[in-house]
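Please keep the sequence and the model at hand while reading.

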Amino acid sequence: MNFDVDFALSTLPAFLVAVGVTLQVGLIAIATSLCVALINAAIAVFEVPVLKRLVRLYVELARNTPLLIQLFFIYFALPSIGIRISGFASAIIAMTFLGGAYLTEILRAGVAAVPKSQIESGLSIGLSRWQLLRHVILPQAGILSLPALFANFVFLLKETTVVSAVAVPEILYTTKNYIALYYKTYEMLAVMTGLCVLLFVPLSLLLRVVERRLQHGQFGS
Amino acid sequence: MASSGLELLWVSAPQLLTGIGRTLGISLLAIVFSSIGGLAYGVLRNLGIRWLDTILLIYLEAFRAIPVLVWLYLFFFGLPIFFGWSIPGFWCAVLVLSLWGISETGEVVRGALRSIPRGQREAGLAIGLGLPGLYGRVLLPQALQRMTPPMINVFTRLIKTSSLAVLIGVVEVIKIGQQIIERTYESVLIYGFLFLFFFLVCYPLSAASRVLERRWSHS
Amino acid sequence: MSALIELSGFSKRFGDVPVLQDIDLKVTEGEVLVILGPSGCGKSTLLRCLNGLEAGHAGHYRFDGRELAANTDWRLVRQQIGMVFQSYHLFPHMSVLDNILLGPVNVQKRPRAEARQQAETLLARIGLLDKRDAFPRELSGGQQQRIAIVRALCMNPKVMLFDEVTAALDPEMVKEVLEVILDLARSGMTLLIVTHEMAFARAVADRILFMDGGRIVEQGDPETFFSSPQTARAQQFLEKFSYVENMPKRNAS
């Protein structure tokens with residue numbers, strides 16, 4: 001079997017776009033997940049009566065079901081009750097649903113790890129609950145949970161591969177498309193693997209460094 | 001609607017059960033292989049043989065860094081053309097999930113073994129235990145409490161990730177569901193059912209993991 | 001009398017750092033040898049080398065008349081050399097009896113009933129028979145250490161190695177452990193003891209070995225060693241221990 005270098009090269013522009021889509025989906029989903037998680041963490045910290053339970057339910061539902069099902073539900077099932085959402089938007093929504101839950105858990109654990117004495121001394125100098133969260137709890141919880149947050153950002157970026165299932169033209173969808181169109185399986189698998197190695201392996205190695213560096217999250221040097 | 005929905009699920013039950021069997025089959029096999037492989041990985045890394053560590057570390061990085069779906073495609077489309085092995089989707093999914101699972105459980109086992117004081121190893125050696133006795137009687141039993149909760153978490157992730165098998169054409173529960181939707185257009189019902197199915201399998205496991213973690217972190 | 005342990009030109013290094021240099025040593029059967037020296041002098045390493053916990057050495061090591069090369073199957077040797085550690089290292093997931101029986105039953109393949117009988121006899125001897133079904137975390141440090149001694153004894157070793165076995169204990173528990181060792185010494189067991197308890201060393205030893213910088217600096221009978229040490233380094237070492245004893249009272253009249 002021959003490796004058709006020319007063909008592989010000719011697909012590179014399309015794959016470059018695909019990498020762009022992967023990053024776009026991943027980064028947007030990370031940002032929206034973080035927003036959801038911050039709101040949820042605030043609800044958990046302030047122990048807002050009913051919402052607190054709803055957050056708990058949401059976290060359990062999202063963490064104990066596959067992203068693929070969440071995605072299919074939004075993309076295939078919602079249209080039948082009149083809600084039509086594009087593949088790209090479905091991807092963002094599903095990944096936010098999943099990512100928001102994971103990040104909520106991490107922030108909650110981070111908040112729980114902030115010593116009680118910090119909260120007490122914050123209250124003792126007369127901070128409001130909101131000021132306490134903003135100036136005392138979140139900065140410390142953020143640092144404490146930074147390695148776990150970063151690990152989950154990488155996890156979410158890897159999960160973008162799943163959204164290929166709803167025709168979002170990221171790396172895997174593009175690969176499958178080219179294989180179906182031209183039967184150049186060999187070349188396309190090589191390009192796909194190469195791109196994934198270039199994209200994900202450095203991230204994974206970086207994650208190791210972050211985890212080692214920030215094992216004991218602290219301020220100062 | 002509600003009664004017709006339940007009726008549809010009732011009528012489709014035999015089909016759905018076949019699919020559920022296939023999905024749980026993939027998951028269960030992957031869980032078994034991941035457990036055995038993970039124990040082997042953890043023990044091998046614990047031996048401190050440098051060249052072996054390097055090989056295992058490369059394996060670990062490869063399966064942790066590259067998404068599972070990429071591995072699925074590589075094995076499913078790649079094995080036939082690179083090696084001429086045509087492997088059924090079901091077994092391809094079991095293989096890839098196991099290899100990925102081992103990289104996850106392996107790290108769990110390694111971490112648990114590393115947390116055991118060095119003196120335990122020496123005390124075991126000092127009474128003349130060989131490696132099988134040392135690991136089987138002294139080190140792994142002590143690591144068991146520490147590694148069980150995170151192991152269970154890996155199992156739930158394996159079950160969730162087994163859903164990707166549908167993307168390489170395995171006729172498991174999702175595919176069966178899609179076939180029913182094609183006939184009946186009941187997509188909300190079916191996807192709702194699938195959502196609930198995975199939740200009902202995974203939630204008890206993660207809850208158990210949490211309970212064990214809390215109970216054992218004190219002793 | 002033939003030597004049970006015989007080292008000649010025995011050396012050991014960690015990377016580039018020599019920790020034992022050119023050790024010549026003979027221990028005869030029934031002898032009680034106490035090894036003294038400042039920390040880092042190599043005394044613990046010497047014990048650990050004797051049952052292969054530190055792999056790889058230069059020079060010769062004969063045990064019970066057999067030359068032990070660096071690639072020896074240590075499992076067989078270790079069954080004949082009991083070792084007790086500073087931090088006891090009982091297996092926390094096993095009861096006292098299971099701790100003691102693991103070696104005899106699983107390594108030596110002795111019948112469980114027979115091994116159990118011996119274990120119970122030994123436990124009775126140290127006064128802990130009623131703790132046979134307890135788990136290590138339920139026991140005091142002194143009790144754990146005595147059980148660690150029984151665990152080693154139950155293998156019927158030819159020699160016992162004690163590596164600073166009282167160093168991790170609260171002061172009030174030291175006595176009960178030392179008494180067990182003293183009892184063993186009286187019964188004619190061959191013992192190699194690393195300790196910082198000077199009075200105990202003096203009482204139990206047939207011979208004192210003083211080490212410094214990975215070498216044997218001085219050796220002799222305990223009376224001579226403690227009353228008139230021959231080398232300057234041994235004198236300095238002993239002075240440090242007598243410093244507290246001879247400290248003048250603040251309000252001495």
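The structure is a predicted model, in which local features need pLDDT of at least 70 and side-chain atom pairs count only at pLDDT 80 or more, while totals for chains, interfaces and linings use all residues. Residues are numbered from 1 along each chain as its sequence is written, and chains are lettered from A and ligands numbered from 1 in the order in which they are written.

**Chain B**
- Chain B holds eight helices and zero strands; helices (H or I, at least four residues) and strands (E, at least two) are DSSP runs, numbered from the N terminus.
- Along the principal axes, the C-alpha atoms of chain B fill a box of roughly 70 × 45 × 25 Å.
- Chain B has 219 residues, of which 44% count as buried, that is, with 20 or more other C-beta atoms within 10 Å of their own, the C-beta atoms being placed from the backbone.

**Contact between chains A and B**
- In this contact, 32 residues of chain A meet 28 residues of chain B; two residues are in contact if their C-beta atoms, placed from the backbone, lie within 7 Å.
- On the side of chain A that touches chain B, two or more residues each come from helices H2 (49–63), H3 (67–77), H8 (171–182) and H9 (185–213) of chain A.
- H9(A) gives the most to that side, with ten residues.
- That side of chain A comprises 21 nonpolar, eight polar and three charged residues; Ala, Val, Leu, Ile, Met, Phe, Trp, Tyr, Cys and Pro count as nonpolar, Asp, Glu, Lys and Arg as charged, and the others, Gly among them, as polar.

**Helices H1 and H2 of chain A**
- The axes of helix H1 (residues 5–46) of chain A and H2(A) come within 9 Å and cross at roughly 130°; axes are lines fitted to C-alpha atoms, for helices over the stretch in contact, and angles run from 0 to 180 degrees between N-to-C directions.
- H1(A) and H2(A) are therefore oblique to each other, as angles under 35 degrees count as roughly parallel, over 145 as roughly antiparallel, 65 to 115 as roughly perpendicular and the rest as oblique.
- Asn40(A), Ile43(A) and Ala44(A) of H1(A) meet Leu51(A), Lys52(A) and Val55(A) of H2(A).

**The sheet of chain C**
- Four strands of chain C form an open antiparallel sheet in the order S2-S1-S4-S5; two strands pair if DSSP finds at least two bridges between them.
- Strands S2 (17–28) and S5 (66–67) of chain C stand at the edges with a single partner strand each, so one side of each is left without a neighbour in the sheet.

Note on methods. A residue is buried if 20 or more other C-beta atoms lie within 10 Å of its own, exposed if 12 or fewer, and partly exposed in between; C-beta atoms are placed from the backbone.
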